[in-house]
Amino acid sequence: MAINLLKSLLHNLGVVLVSLALAYLGTVIDSFLGLPRLSLALLQAFGVLLIILGFLLRVWATFHFYTHQMKVISLEPQGSLVTTGPYRYSRNPLYLGGNVFCFFGAALLLGSPTALIMTALHLPLLDLMIRREEEQLEQTFGEKFRAYKSNVRRWL
């Protein structure tokens with residue numbers, strides 16, 4: 001159990017670092033374009049809160065994956081359908097925690113309008129990827145996945 005928690009923590013520190021790096025890239029583009037920085041302390045505090053919530057949500061979700069002997073990043077269909085922990089509330093807590101909470105949080109923390117726009121623009125692409133994954137899950141788990149899908153929302 002402790003090893004799964006450690007793996008979950010380490011795995012998701014990388015996600016936070018990537019979100020901060022992308023937000024930093026946004027600030028570089030902002031400078032190049034002459035866009036003003038969003039520098040309200042309240043926005044920065046909200047950004048920190050989103051990053052923390054996203055990190056904790058992802059740790060919880062990855063811990064459940066590791067507990068079921070699953071890989072967090074896998075291009076092949078997995079052998080289990082996880083419906084416990086954060087998966088009781090969202091079919092995609094990993095994407096929600098990282099691609100939504102951490103990315104938006106980092107953009108707010110660094111005050112980058114470009115990073116906010118980049119994050120918003122990538123969400124429809126992410127949604128397409130999720131729909132493809134859900135088709136694979138439905139093919140693999142059939143009625144079990146359809147029942148889960150009817151009871152748990154895609155995002156929140």
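**Aromatic pairs and helix packing**

At a relative accessibility of 1%, F145 counts as buried, since the limit for a buried residue is under 20%. This value, like those that follow, comes from a predicted model. Y148 is also buried, with a relative accessible area of 8%. F145 and Y148 both belong to helix 5 (residues 143-151), where they stand 3 residues apart, about one turn of the helix.

The structure contains 3 aromatic pairs. In one of them, the rings of F65 and Y87 have centres 5.6 Å apart and planes at 25 degrees, so this pair is stacked; planes under 30 degrees apart fall in that class. F65 is part of helix 2 (residues 41-67), whereas Y87 is in the loop between helix 2 and helix 3 (93-110), so the pair ties together parts that are 22 residues apart in sequence. F65 and Y87 are both buried. F145 and Y148 form an aromatic pair as well, with 6.2 Å from centre to centre and 55 degrees between the planes, and this pair is tilted.

Two helix contacts involving helix 4 were then examined. Two packed helices are described by the angle between their axes and the distance between the axes. Helix 1 (residues 2-33) packs against helix 4 (residues 113-141) at an angle of about 125 degrees, and the axes are 7 Å apart. The two helices, helix 1 and helix 4, are therefore oblique to each other, and their crossing is right-handed. On the helix 1 side the contact involves L22, A23, G26, I29, D30 and L33, which meet P113, T114, A115 and M118 of helix 4. Sorted by class, the residues in the contact of helix 1 with helix 4 are 7 nonpolar, 2 polar and 1 charged.

For helix 3 and helix 4, the axes come within 10 Å and cross at roughly 175 degrees. Because angles over 145 degrees count as roughly antiparallel, helix 3 is roughly antiparallel to helix 4. Helix 3 contributes Y95, N99, V100, F103, F104, A107 and L108 to the contact, and helix 4 contributes A115, L116, T119, A120, H122, L123, L126, M129, I130 and E133. The residues in the contact of helix 3 with helix 4 comprise 13 nonpolar, 3 polar and 1 charged.

Terms used:
Residues numbered from 1 in each chain as written. Predicted model: local features only at pLDDT ≥ 70, side-chain atom pairs only at ≥ 80, totals over all residues. Heavy atoms only, no water. Axes fitted to C-alpha atoms, helices over the stretch in contact; angles between N-to-C directions. Helix = DSSP H or I, 4+ residues; strand = E, 2+ residues; numbered from the N terminus. Parallel < 35°, antiparallel > 145°, perpendicular 65-115°, else oblique. Left-handed = near helix turned anticlockwise from the far one by under 90°. Contact = heavy atoms within 4.5 Å. Nonpolar A, V, L, I, M, F, W, Y, C, P; charged D, E, K, R; others polar. Phe/Tyr/Trp six-rings, centres within 6.5 Å; stacked < 30°, edge-to-face > 60°. Buried < 20%, exposed > 50% of the residue type's maximum accessible area, 1.4 Å probe, protein only.
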